[in-house]
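Thank you for coming, everyone.

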Amino acid sequence: MNIKYKAISLVLTVMSITLFIISIQIFLNEEKDFQLFVDNNHRLIHETYDLAEIRIKEKFLMHLNTLDVAHIKELIETKQRDKLYQKLHPIYNKLQASANKSLTVYSFYLPDGTAFLRLHKPEKFGDNNYETRHLIRKSIITKKLASGYEIGKFGLLYRIEYPLIQDDKLICIIDLGIYFNEFDIYLKSIAPISSVSILSSKAQKRLHDSDFNYSFENSSFIYGDKIATKLFDVPEIRKNLREEEVIHYKNYVYSIHIVEITNTSKEIIAQRIYFSDVTKAYQHRYKTVIIHIIISLITLLFTALILNKNFEIILGQLLTSENHFKMLFENMKNAIIVFSVYDDTVIYKNINQSAQKLLGRDKADVIGTSLNESTFLPKADCLTKAIIQVYITREAIQHPCIQYQKDQISSWRENYIYTLSNNEIVVIINDVTQQKQDEQIKQRLQRSLHEKNALYKKLTLELDSKIQKQTGHMLQQSRLAQMGEMISMIAHQWRQPLASISAISGTLSIDIRLDEYKKEFFLERLDAISELSSHLSLTIDDFRSFFKEDKEMEVTDLEEMVNASLRIIGPVLETKGIRVDTSFENKDKFKTYHTEINQVLLNILKNAEDAFLEKKVKDPKIQIIAYAQGNNVCIDIKDNAGGIPEEIIEDIFDPYFSTKIKKDGTGLGLYMSKTIITEHCGGSIKVKNINDGVCFTLILPLIIKNHKEII
Ligand SMILES: Nc1ncnc2c1ncn2[C@@H]1O[C@H](COP(=O)(O)OP(=O)(O)OP(=O)(O)O)[C@@H](O)[C@H]1O
Ligand SMILES: [Mg+2]
């Protein structure tokens, strides 16, 4: 849902609900107010009624108190009615004027209850009201003012019985009868009131029996104003008067107040019904509520409109997403089939385009048919079982790969089966033929790779052994070459001692022949020969040890190894004027292949000798320095034979690389040296040109690890 619409509709809904609640609240308050208004009206009418009674009494008494009691007494005692009439008539007029002409009875009664004078019309007198008129009797007995409602011959009246007393003696009773309109004047001054009076049946009867001609044929009311009479005439209103507090008539609303009029005997003699017009107050109650309800309805209308708009948007979105789904469904590469399950029957519900291709049928031909009975899909039984399983368990399954034959071609497919929320089953068929074929090719390739690997390993092993053999052969070759060199060295070293032995033995043989040999001299010479012989023997030992098979490591140090080499080549170098300087900063003992390192040293020294000769260096010099470096010991062998050209310096360790064409060099010397140092002794050999020559550095580990045997 669009957030903007959502927010607006939410705000409007909250607003309309709030307004609605406020309206109800106001309505309830107004209802209360209205009820209060009606109650107040009630109270007001009752209070005003009481007040009116007091006022009326006051008004009349004000005039009656002005009467000349003594004179009246005299006139009564002398029965001078005419004089009394004349005397009292002005007061009657005054009373009538102040009572708005509602004074209908004004008569004089004697203490025995007989009528003495009547000032109102008809001016009859002489009847005795003592027994029938309660109030007159009460006033006669008590000699006090008595007032109340009574039914007289003229109808329902408010009566005031005023006793004229002189010297505590009752002279007469002045009887006043007043119509209700005098009360109503007070009430109407307070509120718009209409009234009607109903008499009790007893009262009605009394009036009926009188001389006056009143008609009660259809109505029980006696008198009332226009509106009240009209309202009272409506049967429904009259019927419900006692139950209802408020009545509706046409466009008006009236509150009803019933005042019960009782006589001195507390009998209800009449009811006065007041209709108070409360239309305005009643309508006011609704105005605010109606406005609020209208606003709430308008707000609700807006909400509905917005929701409707929003609904349209959602509908649009739904249609779009349905279209998207259709496109997605139809254009999927995988075949998708939707099934429904009824008992044990699986029915085609929908298929996409890929499925149509796969089944070789149109959608219309397939939908509605049963999977078990149709032959569209191979191995349908198997798929049916899987679908029913998913239908029951509701758990998706990856149905295993199925192989099938079509047009004598093997194909494979894989099914993914799951349930939709509406219990329909979706089967996604994935054609994995290509994948399977690729897998088969891959397996074949892997097999052939394994075979080739095995062959390669075999060949490598053969090659390794061949190389090893070759290396051995080269080593042998190199040794043989060295041996040639050695023989010349032995010859060189033996030449001088042999010449000395020969010279000594010559001297000794001459001495013997001359028979003049001295024993001491002879012994001395023989000792010299013996010494020379042992020197020769030592030389041979050195050479022999050089060619000895060096299979075991020996504990040695750099100085010992360098000296062993120099004992062999040193004399030759000396003869050729080559100076050899040694310096041994390190004398650590360590285990290594002593003889083989000697071979390396000889190779390097011999190469230096060759370079000196070739370059005809004037002051040939070799410097051998032994020192330690971390866990290694190192030997630098420097010469001043001019160095190796930079363009070939990286090739000198290659087999058969030699620049000594004239001398017929094998080019194996340095190759074998590198092989011995790196592979056999676990060290390394480096070369670099220095100022006037070259420097070879042998780096040997104090402890040899991972060395190879050299044949
Ligand atoms: N000290 C050196 N000064 C100048 N050139 C050198 C020196 N040592 C070696 N070389 C060069 O390195 C080449 C290879 O030496 P290596 O010992 O392997 O073979 P070679 O000496 O030529 O032959 P062989 O050792 O069989 O006599 C030499 O031919 C030479 O050119
Ligand atoms: Mg060499």
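Predicted model: local features only at pLDDT ≥ 70, side-chain atom pairs only at ≥ 80, totals over all residues.

The sulfur of C695 lies 11 Å from the closest cysteine sulfur, that of C634, which is too far for a bond, given that a disulfide is a pair of cysteine sulfur atoms within 2.5 Å. By this rule the count comes to zero disulfides. C695 counts as buried, at 1% relative accessibility, whereas C382, with a relative accessible area of 36%, is partly exposed (buried means under 20%, exposed over 50%, partly exposed in between, with a 1.4 Å probe and protein chains only).

Residues are numbered from 1 along each chain as its sequence is written, and side-chain values use heavy atoms, with hydrogens and water left out.

Now to the pocket: which residues lie nearest the centre of the largest pocket? They are N607, D610, S658, K660 and L670, out of a lining of 38 residues (a pocket is an open set of points on a 1 Å grid over the protein atoms alone, where a 1.4 Å probe fits, with protein on both sides within 12 Å along at least five of seven lines, and lining residues have an atom within 4 Å of a point). The lining divides into 17 nonpolar, 12 polar and nine charged residues, where Asp, Glu, Lys and Arg count as charged; Ala, Val, Leu, Ile, Met, Phe, Trp, Tyr, Cys and Pro as nonpolar; and the others, Gly among them, as polar.

Methods: Chains lettered and ligands numbered in written order.
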